[in-house]
Amino acid sequence: SSDLAIGGTHAWDGTKIGAGQMQHAAMVEGERVDILLTFLRPFKSKADVSFAFKDASAEASSGAPTATEVTWSMQAKMPIFMRPFIPMLAMMIGHDFALGLGFLRGKIDPASEHPKLKFEGEQQVPSQLYLTEHFEGTLEAMRGVMFEAYPRLWSLVEPDPSRNVAAPAIAAYHKIKPLKGTVKMDMGMPVSRIKQGEQSATFGAGRYFVTTLKGNYDFIGSAWNAAYGQAKMSKLKIDKRRPALEIYDVNPMQATHSNDWTTRLCVPIK
């Protein structure tokens, strides 16, 4: 059954995503939906999933809410041998939930900030020379550094049109430790040549699994999680010798609404 009543089910069966079923276990209108989630393949397990709804209107009123806060949660038992992986699994599932809730918000209110994700598949990214700034530190600090570094890099390129290349800015991630929240990366502005004393690097020139994100950079982490997950489900081998690339095809200087920001996420593959 595919209806939305208690007992209604939704099932899936695919070569990449495995097989399973969701069944509506309980519903309280306007408050929550409880679901029994059953995985059949690639492994068997069960989990209790719930969507809880809370009136998040700016001002309480007797009428219908103008905003709703949705909390998506999942509870499941794990075998002892899997427990060391709980922090990593919790982080990955959290990224999936954040992305899913973002998609839901976009369906309900298309004018709201929300992500759109498209798996472009395997592509060849051409080689390009970049004027760079290097950063090593926390993921939390990285965004502030990036918003200062790119205008600074552009200020070095813009006065000399002969160096300006019609290509987007880039971020190259050499090493990320998500549980520790640290990163080693380069920020780059494309140039035709480098002046003495400037930092530079050449990126690209290889095969990548490409995913396009349209939306705010708040969704970047969840989008990367989905990109790597899709690449692995496609049985592609990740090339850890090369950095993952974030290519800013449409950035905040080119589009004011974040729903129009367009970023290519390039996972290096062998």
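Gln-230 counts as buried because its relative accessibility is 18%, and buried here means under 20% relative accessible area, with exposed being over 50% and partly exposed in between (1.4 Å probe, protein chains only). Before we go on, keep in mind that this is a predicted model, where local features need pLDDT of at least 70 and side-chain atom pairs count only at pLDDT 80 or more, while totals for chains, interfaces and linings use all residues. Residues are numbered from 1 along each chain as its sequence is written, and side-chain values use heavy atoms, with hydrogens and water left out.

So where does Gln-230 sit? You'll find Gln-230 in helix H3, residues 220-233. Helices (H or I, at least four residues) and strands (E, at least two) are DSSP runs, numbered from the N terminus. Setting aside residues up to four places away in sequence, Gln-230 touches Phe-119 and Phe-209; a contact is a pair of heavy atoms within 4.5 Å.

Now look at H3 as a whole. Its 14 residues reach 20 Å from the first C-alpha to the last, close to the 20 Å expected at 1.5 Å a residue (the expected span is 1.5 Å times one less than the number of residues). After H3 comes Lys-235, with a positive phi near 60 degrees.

Ala-171 is buried, because its relative accessible area is 0%. Leaving out neighbours within four places in sequence, the contacts of Ala-171 include Met-146, Asp-186 and Tyr-248. Ala-171 and Tyr-248 are 77 residues apart along the chain, yet their C-alpha atoms are separated by 8.4 Å.

Finally, a sheet. Strands of a sheet pair through backbone hydrogen bonds, either parallel or antiparallel. Here, five strands form an open sheet in the order S1-S2-S3-S4-S5, with antiparallel pairing; two strands pair if DSSP finds at least two bridges between them. Strand S1 (9-14) and strand S5 (68-76) are the edges, each pairing on one side only. Neighbouring strands of this sheet are turned by 20 degrees against each other on average, direction ignored. (Axes are lines fitted to C-alpha atoms, for helices over the stretch in contact, and angles run from 0 to 180 degrees between N-to-C directions.) Inside the sheet, S3 (residues 32-41) and S4 (residues 45-55) pair in the antiparallel sense over eight bridges, and Asp-34 stands opposite Ser-50 in S4.
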